[in-house]
Amino acid sequence: MQFHHNGYVSADPRVQPVAGAGINRPTELPEEMDVLIVGTGPAGIIAAAQLSQFPDVHTRIIDRRPGRLEIGQADGIQSRTVETFQAFGFAERITSEAYVIKETTFWNPDPQNPERIIRTDRTADDPTGISEFPHLVVNQARVIDYFAEYAHNAPTRIAPDFGWDFQELVVEHGHDYPVKVTLLGCGEENQGIQRVVRAKYVVGADGARSKVRRSIGAKLSGDKANHAWGVMDTLAITDFPDVRTKCAIHSQAGSILLIPREGGQLFRLYVDLGEVPEDDNGKVRQTPLEEIIERATAILNPYSLEVRDVAWHSVYEVGHRLADRFDDVLLDESDQKEPRVFITGDACHTHSAKAGQGMNVSMQDGFNLAWKLGYVLSGLAPAGLLRTYSAERKLIAQDLINFDKQWSSIMAATPETLQGQEGAAEFYVRTAEFPAGFMTEYAPSILTAQHTHQSLAAGYPIGKRFKSASVMRVADANPKHLGHHHRADGRYRIYVFADQAEVGAPGKVENLAQWFLESRDSPIGRFTPKGADLDALFDVKVIYQQDYTSINVNDAPKIFRPNSGKFGLVDYEKIYTTLDSSSNIFEERQISRDGAIVIVRPDMYVANVLPLDAFEEFAGFFDGILTPQE
C-alpha cells in the first residue's frame, strides 16, 4: 500500500484524502446527481465502491431499508470474488472472519443398508490450484459492510441514503440530467414523502422484483424447475461427522447441501422439499420450519439433528430467468442509442442459490459497469463504451443459468435416477473452474482484442481474468504476487514482460519505454488528463528475466520509475523480476522469452496481448476505447 506520496500520513491510510464530489458532499439526497444506484445489495454496493474512485463523479446509492443489512441470504464467496476483494483492499480482513472451504464430501445411500447414508467421496475444493485465494463462506451483510467502508473512505465519501423506495423513472432526452426518478420516503423521518430527482445514469440493483427493470420495459424469461428447497442457518447438536465440511448429501429421503458458516458452529442446510405441483401457486413457500427440520433429520439418517436455534430460514422454488436486455435501449435500437439506465444482479438474472453464484456474478456485473460509467462521466471515454455492459454480461448470465440448471438437477435427483449418470462428485470436479469464477471469457469487442498474438502469453487468455503469479520486487527484494497490486482505482494495467536483453541496454524494452513517453501516438500522452500524474490512467510495470541482484533500479527506463504526487516522489513498485528457479512467471504463464505486453482492464480482465514492438497496434487498440485529452 502506498500512501505518503502527497505527504506524511499517520492515520489510517485506507482513508483517502477527500476530493471532487466528496468535498462538501450533501448530507441529504440532492435534486441532481451523475449516477443514482438503486439498491445496496452486492451489485449496487460494489458499483458505488468502484465509482467512489472517480472524484469528479457524484454518485448516490439508495435503499428502501432503514439501515444496513443485518442478515444476508447469500454466503458463498468464490475465489474470483476474493481476488476482487483484494483489489478493493479487504481480502485479508474478510478471509480472517470467514469459513474457508478446503474440501467437499459426498454422501449417498449405503449399498448394504440404503436407508442409511455413508460418505462415498471427497474432493479438494480447488483440486487444480486455479487460484491462490480460498473459497469462503461469510454473511452477505459483512461483504456489503466492507464495500460500504471502502466507498466511504474513498475521495468521494459515498454513503447510502437509506429510507427511499424507488417508484418509477422516465428518460427525457435533451436534459442535462435526463433520467427523471420518482422516489417515496419510507424511513422514520421521510415516511410518505414523494420526491423527484434527476440523474445522468441510473443503475438498478434492486433485486429479482426490480422496479427499475419494469420501468425500462425489460422482461425476464425462463422457467421454473417445479422443485422446492427449504434453507435455514442453524445452530444445532448433531453427530453427523462432516457438519464442519461442505457436503452434498443424497438419500432415499431426499437431498441436502450443507454449508458450514463462519463462527465455528453455525451451518446452512438446503433441504430438498421435493417436486412442486403445477397448480401449487406458491403454497410450498408456506412450508413451516418444523417440516424443513423434520425432512433434514430424515435425510441425515442414521445421524441425529437437534436444532437449538435458527438464525434465518426461507423456502424457494428453483427458477432460471434472464432479462432480454440489461439496459434501457431496445434490442433493435442498440446501435443507435446510448443507454441511460442499467440493471444488475438479480434484477437481470435469477437462478438457484445452491451453486453459490448469485452474489458473486452480481458483484462482477457491478464492477464491469461502474468503471465504464466512471470513464464516461470523467470524460475519459465516449458514451458508446456503455453499450458493452449489456453485451458482455448477458452472455455470462446465460452461462451461469446453464450451469445452475445442471447442478440443480443433479442435487435434486434421487439415487435411482442418477444410476449410470454423472453424479455430484464427478460433476463438481469436472466443472471446478466455473463455480470458482474463472470461466468468464469476454468475446472480442472494442474492449477485448482478437487472439492474434495470444501465443506470446498463452497463460493470459485474452478475455479472461489476469491470473496472478509470484515475482520479485527489485527495489526492496520483496516477493510479491503481481496481480495483487491491481487496485480498484479505475486504471488500466500495462504489464511489460521484457525480453532477455540487459536492463537499460538498447533494445525492444528501451524503445517501447521511449515511445510511451515521447511519441505523439502514445496512449499515455494522448489519454492521460492534463496535469495528472504520469500513471494516472495507465499503471505500467515491467517484469525482467534477470536475477534481481543483477539489476539497478536506476537503469530501468523512466516510464517504470514515474514521479507522482505533489512532491514528485519516485514510485519504486513497478520494476520486477522472476522470483527464482522454482517460481518463474515466464514459465508458469507461458510467456515468450522474446517478451510481450499484456494489457489488463480496470476490472482485472485481459484485454490484449501484443509484441514489445507493436506500437501501432497498441495505439490503435486504445483509439477505439478512450477519448483524447487536451
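**Close-up 1. Packing of helices α1 and α4 in the predicted model.** Axes here are lines fitted to C-alpha atoms, for helices over the stretch in contact, and the angle between two axes is taken between N-to-C directions, from 0 to 180 degrees. The structure shown is a predicted model. Helix α1, residues 42-51, packs against helix α4, residues 140-153, at an angle of about 20°. The axes of α1 and α4 are 8 Å apart. Angles under 35 degrees count as roughly parallel, and α1 and α4 are therefore roughly parallel to each other. The crossing of α1 past α4 is left-handed.

**Close-up 2. Residues at the contact of α1 with α4.** On the α1 side the contact is made by Pro-42, Ile-45, Ile-46, Ala-48 and Ala-49. These meet Gln-140, Ile-144, Phe-147, Ala-148, Tyr-150 and Ala-151 of α4. By class, the residues of this contact are 10 nonpolar and 1 polar, with no charged residue. Arg-157 is not a glycine, yet its phi is positive, at about 55°.

**Close-up 3. The open sheet of β3, β7 and β4.** This sheet has 3 strands in the order β3-β7-β4, with antiparallel pairing. β3 (76-77) and β4 (99-101) are the edge strands, and each has a single partner strand, so one side of each is left without a neighbour in the sheet. Between β3 and β7 (residues 135-137) there are 2 bridges, in the antiparallel sense. Ile-77 stands opposite Leu-136, a residue of β7.

Close-up 4. Asn-301 and Pro-302 are joined by a cis peptide bond with omega of about 20°. Pro-302 is placed in the loop between α6 (289-299) and β16 (305-323).

**Close-up 5. The annotated region at residues 440-629.** An unreviewed UniProt entry places the feature "domain: Phenol hydroxylase-like C-terminal dimerisation" at residues 440-629. Over this stretch the chain is 15% helix and 21% strand. The end C-alpha atoms of residues 440-629 are 32 Å apart.

**Close-up 6. The open sheet of 7 strands.** The strand order is β20-β19-β25-β22-β21-β26-β27, and the pairing is mixed. At the edges are β20 (478-481) and β27 (606-610), each of which pairs on one side only. Neighbouring strands of this sheet are turned against each other by 30° on average, direction ignored. Within the sheet, β21 (residues 492-497) and β26 (residues 596-600) pair in the antiparallel sense over 5 bridges. Val-496 has Ile-597 in β26 as its bridge partner. Met-604 is in the loop between β26 and β27. The phi of Met-604, a residue other than glycine, is positive and near 80°.

**Close-up 7. Helix α10 against the sheet and against α13.** Helix α10, residues 508-518, lies across β21, β22 (538-544) and β26, and runs at about 155° to β21. α10 passes α13 in a right-handed crossing. Asn-511, Leu-512, Trp-515 and Phe-516 of α10 meet Phe-615, Phe-618 and Ala-619 of α13. The contact of α10 with α13 comprises 6 nonpolar residues, 1 polar residue and no charged residues.

Key: Residues numbered from 1 in each chain as written. Predicted model: local features only at pLDDT ≥ 70, side-chain atom pairs only at ≥ 80, totals over all residues. Heavy atoms only, no water. Helix = DSSP H or I, 4+ residues; strand = E, 2+ residues; numbered from the N terminus. Parallel < 35°, antiparallel > 145°, perpendicular 65-115°, else oblique. Left-handed = near helix turned anticlockwise from the far one by under 90°. Contact = heavy atoms within 4.5 Å. Nonpolar A, V, L, I, M, F, W, Y, C, P; charged D, E, K, R; others polar. Pairing = 2+ DSSP bridges. UniProt positions renumbered as here; feature names shortened; annotations may be inferred.
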